[in-house]
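Student: I have a protein model to go through. Can we take it step by step?

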Amino acid sequence: HVVGFRAVAQSVEERVAVVGTLAANESVDIKSELDGPIEEIGFEEGQQVDEGDVLFRIDRSKLEASLTEAEANLKLADATLGRYAALAQSRAVSRQEVDQARMTFEARLATVELMRAHLQDATGVVPFAGVMGSRLVSIGQYVTKGQALASLVDTDPMKAQFDVPERYVS
């Protein structure tokens with residue numbers, strides 16, 4: 001008795017059932033970079049936000065006063081350096097005094113740049129487009145550096161996370 005089969009080309013599909021979870025594309029906790037009271041909150045929980053939108057503002061009055069003082073000190077250091085450099089030509093001051101005036105000027109310039117950076121840090125902006133999560137602070141609340149203020153989640157696209165047995169990896 002002979003049994004015959006006809007060979008037909010067809011694709012073979014191998015399936016593996018796994019349990020997984022969906023995760024956001026990006027997710028961050030928005031934290032304060034400064035100490036101070038919250039003076040503005042620019043979002044509602046669950047709101048869609050775009051990169052660069054303002055989320056929080058920390059009171060800037062003390063920072064602005066410190067910047068004004070630092071800028072005045074910088075002007076004074078610049079004027080002193082200019083006078084000492086001119087006096088050094090006639091040897092009325094030593095090279096060491098000119099170097100000291102230059103170092104003072106550079107230190108004052110660094111202080112001004114630091115104060116400007118702090119002023120920028122007083123405004124928290126959205127790092128990427130997404131959906132705002134829980135708001136953890138209120139207007140007027142004093143926050144400290146590193147304190148969580150809110151969460152931001154980017155859910156478009158989502159990521160699927162799952163484990164696959166080693167024998168099915170290929």
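Student: Which strand has the highest confidence, and at what mean pLDDT?

Tutor: This is a predicted model. The mean pLDDT of the protein is 91, and 100% of its residues reach 70 or more. Confidence is lowest in strand β1 (residues 20-31), at a mean of 90. It is highest in strand β7 (residues 142-143), at 95.

Student: Which strands are the edges of the open sheet of 4 strands?

Tutor: The strand order is β5-β4-β2-β7, and the pairing is antiparallel. An edge strand pairs on one side only, and that leaves β5 (123-125) and β7.

Student: Which residue in β5 stands opposite Val54?

Tutor: Strand β4 covers residues 54-58. Its antiparallel link to β5 consists of 3 bridges. Opposite Val54 stands Val125.

Student: Is Thr123 buried or exposed?

Tutor: Thr123 is part of strand β5. Buried means under 20% relative accessible area. Thr123 has 16% relative accessibility, so it counts as buried.

Student: Which side chain makes a polar contact with the side chain of Thr123?

Tutor: Leaving out residues up to four places away in sequence, Thr123 touches Val54, Phe56, Arg57 and Arg60. The polar contact between side chains spans 3.1 Å, and the partner of Thr123 is Arg57.

Student: What is omega for the cis peptide bond that joins Asp156 and Pro157?

Tutor: Pro157 lies in strand β8, which covers residues 148-162. The bond from Asp156 to Pro157 is cis, with omega at about 5°.

Conventions. Residues are numbered from 1 along each chain as its sequence is written. This is a predicted model: local features need pLDDT of at least 70, side-chain atom pairs count only at pLDDT 80 or more; totals for chains, interfaces and linings use all residues. Side-chain values use heavy atoms; hydrogens and water are left out. Helices (H or I, at least four residues) and strands (E, at least two) are DSSP runs, numbered from the N terminus. pLDDT is the predictor's confidence in each residue, from 0 to 100. Two strands pair if DSSP finds at least two bridges between them. Buried means under 20% relative accessible area, exposed over 50%, partly exposed in between (1.4 Å probe, protein chains only). A polar contact is a pair of N or O atoms within 3.5 Å; within protein, one must be able to donate a hydrogen and the other to accept it, and residues adjacent in sequence count only if both atoms are side-chain atoms. Contact means heavy atoms within 4.5 Å.
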